[in-house]
Amino acid sequence: MIETLKKKLFRFLSRSQWAIRLLNLPICKPGKMRHGLILIQIDGLSFPQLEQAIEKRKMPFLSKLLYRDKTHICRSMYSGVPSSTPAVQGELFYGVPTIVPAFEFVDRKENHRHVGFNPETANSLAKELTEKGTPLLRGGHVYSTIFSGGAKQARYCSETMNLDTLIQSLNPLKFLVMLILHAGKLMRIFMFTLVEVVLALQDFVKGVIQRHDILRELTFIPARVIVCIILRELVRFHLKMDVSQGIGLVCANFLGYDEQAHRRGPESGFAHWSLKGIDGAIKDIYQTAEKSTCLDYDLVVYSDHGQEHAESYEAVNQISVKKAIKKNLAEYFPQIAQSSQLEDETILNTLYRKMRSFGLKKGTPGNSRPAVTRVKNRDIQVTTMGPLGHIYFPSPLTGKQMHAAALKLVGEAGIPQVFFLDKNRKVMAAR
């Protein structure tokens with residue numbers, strides 16, 4: 001009885017509930033409790049780094065659930081190959097493995113280069129996944145993922161991200177309500193943003209001193225602020241609203257740790273500082289769910305893959321991996337002009353300037369042909385984003401040539417491991 005009264009009082013005082021009323025959104029009416037599910041992905045967080053973050057008190061709320069309250073358990077998960085967000089979400093959200101060959105790959109049928117966080121790529125892959133699998137998130141709400149998983153509402157997702165959907169999400173009335181009811185929270189976001197900008201500028205100076213790419217360092221400043229603070233708080237707000245409304249299935253991906261880990265290492269202070277903010281967001285969402293009078297929510301926190309500390313190929317060998325591969329394989333394709341060997345070397349900088357999936361285009365997802373990069377058949381194509389790279393030849397090599405090329409890449413180019421198909425179409429490895 002007392003617990004019921006406490007929940008009713010919470011609902012009356014809840015800012016999320018008042019926001020729902022003011023925006024005239026459907027209200028969850030108390031009744032027979034149903035089950036609900038909250039899925040939260042912490043992008044790029046490996047199991048060892050999770051344990052380290054808990055030990056260093058960077059994730060006190062998850063530590064409380066696991067060790068003090070003992071309401072949750074922690075298990076390691078095999079991410080599969082390739083261990084990248086699109087591949088993992090493709091299998092998790094649709095039940096279809098191995099459709100996504102790598103974070104960056106070339107579709108040989110249409111001669112298109114695809115990159116996981118490109119809206120056109122995500123939309124193209126989602127169509128195939130929907131045809132072959134069963135969407136997990138059908139009827140639910142999803143935020144900040146690659147694929148929508150068939151969700152009824154999807155925001156900040158690569159698959160649905162375009163100017164139309166972004167403009168629709170910037171409702172002036174919603175913004176005003178959020179401003180009034182969450183003035184304190186917005187002030188805190190503003191302060192966090194200032195701190196993040198200062199840290200980003202400090203990190204920029206450090207990166208320049210260490211001779212990192214100045215363009216990449218500059219584009220990283222707004223990307224850090226958007227991904228680590230603004231997007232995190234928008235996702236927190238939407239999830240709390242969804243839980244307060246009684247949406248049965250909600251899913252979100254927090255990108256801040258992955259963004260920091262890519263730039264300064266998975267164990268860096270910057271990366272672990274972002275985990276504290278993510279942990280606070282999870283706590284806020286969980287506590288809102290605990291006070292629901294409509295649904296009994298289960299919480300699942302997972303990671304799609306884990307970042308590992310590694311030295312870049314270019315830093316070790318003083319040449320980019322793409323240039324090294326093309327240089328060592330040039331003897332097999334003498335018809336390729338030297339000028340074409342440098343093609344697409346700047347694709348990473350170009351894509352990064354779009355700040356992941358925020359390179360927006362006008363149009364409705366699913367209604368237009370994917371406008372991805374077209375590649376040239378006469379060139380050697382190399383895709384290297386993510387843990388697994390691919391080499392595409394302009395014409396087939398014999399089994400002996402393939403074996404010799406693989407050994408050359410390992411022995412002379414210093415590639416750690418090369419997989420290839422022999423004359424019997426068996427997978428072989430050179431290392």
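**A buried helix and its surroundings**

Modeller: Let's start with α11, where the buried residues are G256, Y257, D258, E259, Q260, A261, R263 and R264. Before going on, a word on the ground rules: this is a predicted model, so local features need pLDDT of at least 70 and side-chain atom pairs count only at pLDDT 80 or more, while totals for chains, interfaces and linings use all residues. Residues are numbered from 1 along each chain as its sequence is written, and side-chain values use heavy atoms, with hydrogens and water left out.

Back to the helix. α11 covers residues 256-264, and eight of its nine residues are buried, so the rest of the structure largely encloses it. (Buried is under 20% relative accessible area, exposed is over 50%, and partly exposed lies in between, with a 1.4 Å probe and protein chains only. Helices are DSSP runs of H or I with at least four residues, strands are runs of E with at least two, and both are numbered from the N terminus.) Just past the end of α11, G265 has a positive phi of about 100°.

Once neighbours within four places in sequence are set aside, Q49 contacts Y257, P266, E267 and H272; contact here means heavy atoms within 4.5 Å. Y257 is among the buried residues of α11, and Q49 is buried too, at a relative accessible area of 9%.

Now for the charged pairs. The whole structure holds nine salt bridges, each being a Lys or Arg side-chain nitrogen within 4 Å of an Asp or Glu carboxyl oxygen. One of them joins R232 to E233, with the closest N and O atoms 3.0 Å apart. Both R232 and E233 are buried, and they belong to a salt-bridge network that also takes in R236, K240 and D284.

Two other pairs look out more. D69 meets K64 at 2.6 Å, N to O; D69 is partly exposed at 31% relative accessibility, and K64 likewise counts as partly exposed, at 27%. E128 and K132 form a salt bridge at 3.1 Å, N to O. They are four residues apart in helix α6 (residues 119-132), which means that about one helical turn separates them. As a reminder, an α-helix has 3.6 residues a turn, so residues three or four places apart point the same way. In this pair E128 is partly exposed at 32%, whereas K132 is exposed at 54%.

Areas come from the Shrake-Rupley method with a 1.4 Å probe, and for residues only the protein chains shown count as cover.) L194 lies in helix α9 (residues 183-209) and is partly exposed, at 41%.

Strands β11 (residues 418-421) and β12 (residues 427-430) run antiparallel and are joined by four bridges; strands pair if DSSP finds at least two bridges between them. F420 stands opposite M428 in β12. Five residues lie between the two strands, and in this hairpin R425 has a positive phi near 65°.

The chain has 16 helices and twelve strands, and 49% of its 431 residues count as buried. Among contacts with a separation of 6 or more, 70% are between residues 24 or more positions apart. The accessible surface comes to about 22,600 Å², with 58% of it belonging to carbon and sulfur atoms.
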